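Subject: Structure handover

Hello,

Here is the structure I said I would pass on.

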Amino acid sequence: MSSGTIIFLILVVGVTVMGFVAAGWGKANLQHFDEWALGGRRFGTLVSWFLLGGDLYTAYTFVAVPALIYGAGALGFFAVPYATIAYPVVFILLARFWTVAKKRGYITSADFVRDRYGDRALEIAIAITGVIAALPYIALQLIGMKTVFSQIGGAFGAGGGFVALGIAFVVLAAYTYNSGLRAPAMIAFVKDALIYITVIAAIVVIPAALGGWGHVFASAQAAMAARPVAPGTAPAGILLSPGMYFAYATMAFGSCLSLFIYPHSITSLLAAKSKFVIQRNAALLPAYSLLLGFLALLGFCALAAGIATKDPNAIVPMLFAKYFPDWFAGLANAAIVIGALVPAAIMAIGAANLLASNVFKEFSAQRPPGETRIAKYLTLAVCACALIFVVELPVQYAITLQLLGGAWMLQIFPAFAFGLYTRWFHPTALLLGWAAGMLTGSGMAYWTFRATGKFGSVFPLQLGSLKLIGFIALYALIANLAVAALATLAFNAAKASKGTDGTTAQDYAV
Amino acid sequence: MKRRAWYWLLIAPFVATLWPPFYNHADPALFGLPFFYWYQLLWVVLTSLLLWFVLLMTREPKDV
């Protein structure tokens with residue numbers, strides 16, 4: 001066995017043990033839903049920082065963002081403004097959500113929507129949207145692990161990495177079932193430490209080996225200019241073409257609105273012990289965004305290093321194999337696998353919470369006994385679905401569905417985020433708006449598939465003589481809001497009942 | 001209620017990063033990084049500092 005494989009094995013086995021040991025953290029009764037699903041809402045600033053960082057900046061992110069830069073140039077850098085402006089949103093919106101969730105005992109976003117609007121259909125729509133957006137996300141984490149296993153080779157590569165993936169999956173499901181949110185919270189410390197070590201090493205060593213950033217950007221620009229370009233499109237480069245300004249801004253803005261309404265983000269945020277912990281983390285989490293920004297630039301390093309591959313997602317592991325000794329590449333591989341296990345566990349818990357608390361039965365603040373048990377079983381079911389997804393379907397399906405999932409996820413924004421401030425919208429109008437947004441987003445994505453042969457995240461909207469290439473999720477949100485507002489006016493005119501609101505103004509106050 | 005007025009400061013990162021013509025230039029470069037890149041990375045840091053400042057100005061004595 002090589003030194004890299006030994007280091008990899010030690011780290012992965014070590015965190016598995018941690019995942020099971022985490023059940024004893026704080027001597028909690030894990031039969032209690034709050035304890036299993038949210039770690040008892042007792043995490044302080046430090047634990048929350050590692051947990052949220054480990055949850056939001058997934059291994060897939062760290063692989064896919066450089067891949068996007070490698071393929072699309074400057075456009076791929078939208079992830080950086082996105083991961084910047086998301087934090088003011090957390091600071092204001094999610095801190096308010098934490099307050100009302102703590103007072104009323106919510107575990108999911110759909111719990112809040114049910115309590116606020118008293119509408120069962122809207123609750124189910126919100127919950128199902130979260131679950132279908134989470135599934136392909138989990139599948140992508142598993143795919144990331146499989147890529148590493150097949151690259152290590154030997155026993156790990158057996159059956160194209162599927163055997164090792166099967167084992168990793170059983171372990172993931174078992175400790176999540178056993179320890180709940182405490183497992184990923186504890187493992188996140190190791191994950192984030194490994195990610196920081198490997199990424200900082202990479203951004204110091206690799207550009208220096210390539211002759212400095214100035215040289216990296218010049219070579220990358222030359223490499224992209226030499227590519228064949230489809231007629232009617234601007235070539236990728238180290239700067240944006242003016243036609244893509246609107247796409248860049250709308251992708252950053254639309255993504256920043258949806259990041260924190262994903263079920264795994266909500267789960268990690270609600271585990272914080274106070275509103276202050278969330279606000280302090282909003283100021284501290286950008287450290288990860290800085291890391292992501294520098295890591296993104298590895299996409300240009302790969303171009304400058306002359307790395308040519310059909311699978312852009314392989315460029316980060318390829319750079320590590322090329323510029324680092326074997327033992328360090330083993331460390332980087334462990335970082336990717338552990339970096340996938342943390343968010344996969346939280347996503348499974350978040351999706352299971354939605355199913356247990358909002359779909360199978362409606363939200364009740366009493367939390368009947370047995371709900372925890374149902375959520376625990378559902379975690380296993382969610383993991384199994386994601387595994388079947390990975391084994392049965394081509395990788396492209398997971399990527400496409402994750403893209404569509406982003407557009408779908410944003411459609412709960414009016415009911416969830418506007419609902420935190422106003423009860424003006426009529427619940428049925430919000431449901432109609434949601435449906436309009438889902439249809440618009442899916443329709444636009446399908447149109448790009450028909451026009452270009454693959455699903456994209458931007459759509460060229462023709463307004464008279466003006467062509468606006470913009471983020472599909474945001475166009476869909478505009479359609480959603482327009483329908484919800486018009487329908488509310490219509491319901492008001494018809495003097496329709498607005499349903500009951502379980503919350504009071506005091507529930508939102510500090 | 002008065003303290004909430006500080007929240008308006010948080011519009012700054014949106015204005016600064018969501019208008020690409022502002023910063024879509026190669027020059028001036030810093031350590032070889034084109035302006036486009038270091039400007040946006042700088043805003044990651046500035047946003048973090050701004051959030052910290054707003055937190056200090058709006059926190060209640062009982063916050064822990």
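This is a predicted model: local features need pLDDT of at least 70, side-chain atom pairs count only at pLDDT 80 or more; totals for chains, interfaces and linings use all residues.

Chain B

Chain B has two helices and zero strands. Its radius of gyration is 15 Å, whereas the globule rule gives 11 Å for 64 residues, so chain B is more spread out than a compact globule. Along the principal axes, the C-alpha atoms of chain B fill a box of roughly 45 × 20 × 10 Å. Of the 64 residues in chain B, 25% are buried. If one takes the contacts in chain B between residues at least 6 apart in sequence, 55% of them join residues at least 24 apart.

Interface between chains A and B

At the interface, 32 residues of chain B are in contact with 34 residues of chain A. On the chain A side, at least two residues each come from α5 (79–104), α10 (213–225), α11 (245–259), α13 (275–284) and α14 (286–296). The most is given by α5(A), with eight residues. By class, the side of chain A that touches chain B has 26 nonpolar residues, seven polar and one charged.

Helix α7 of chain A and its two partners

Two packed helices are described by the angle between their axes and the distance between the axes. Both values are given for each pair below.

On α7(A) the contact is made by A:L135, A:I138, A:A139, A:L142, A:I143 and A:K146, and on α18(A) by A:C385, A:A386, A:L387, A:F389 and A:V390. Ten of these residues are nonpolar, none is polar and one is charged.

The second pair is α7(A) with α21 (residues 427–452) of chain A; here the axes come within 9 Å and cross at roughly 30°. These two helices, α7(A) and α21(A), are therefore roughly parallel to each other. The crossing of α7(A) with α21(A) is left-handed. A:A121, A:L122 and A:A125 of α7(A) meet A:P427, A:L430, A:L431 and A:W434 of α21(A). This contact has seven nonpolar residues, with no polar and no charged ones.

Regards

Methods
Residues are numbered from 1 along each chain as its sequence is written. Chains are lettered from A and ligands numbered from 1 in the order in which they are written. Helices (H or I, at least four residues) and strands (E, at least two) are DSSP runs, numbered from the N terminus. The radius of gyration is taken over C-alpha atoms; the globule rule is 2.2 Å times the number of residues to the power 0.38. A residue is buried if 20 or more other C-beta atoms lie within 10 Å of its own, exposed if 12 or fewer, and partly exposed in between; C-beta atoms are placed from the backbone. Two residues are in contact if their C-beta atoms, placed from the backbone, lie within 7 Å. Ala, Val, Leu, Ile, Met, Phe, Trp, Tyr, Cys and Pro count as nonpolar, Asp, Glu, Lys and Arg as charged, and the others, Gly among them, as polar. Axes are lines fitted to C-alpha atoms, for helices over the stretch in contact, and angles run from 0 to 180 degrees between N-to-C directions. Angles under 35 degrees count as roughly parallel, over 145 as roughly antiparallel, 65 to 115 as roughly perpendicular and the rest as oblique. A crossing is left-handed if the near helix is turned anticlockwise from the far one by less than a right angle, and right-handed if clockwise.
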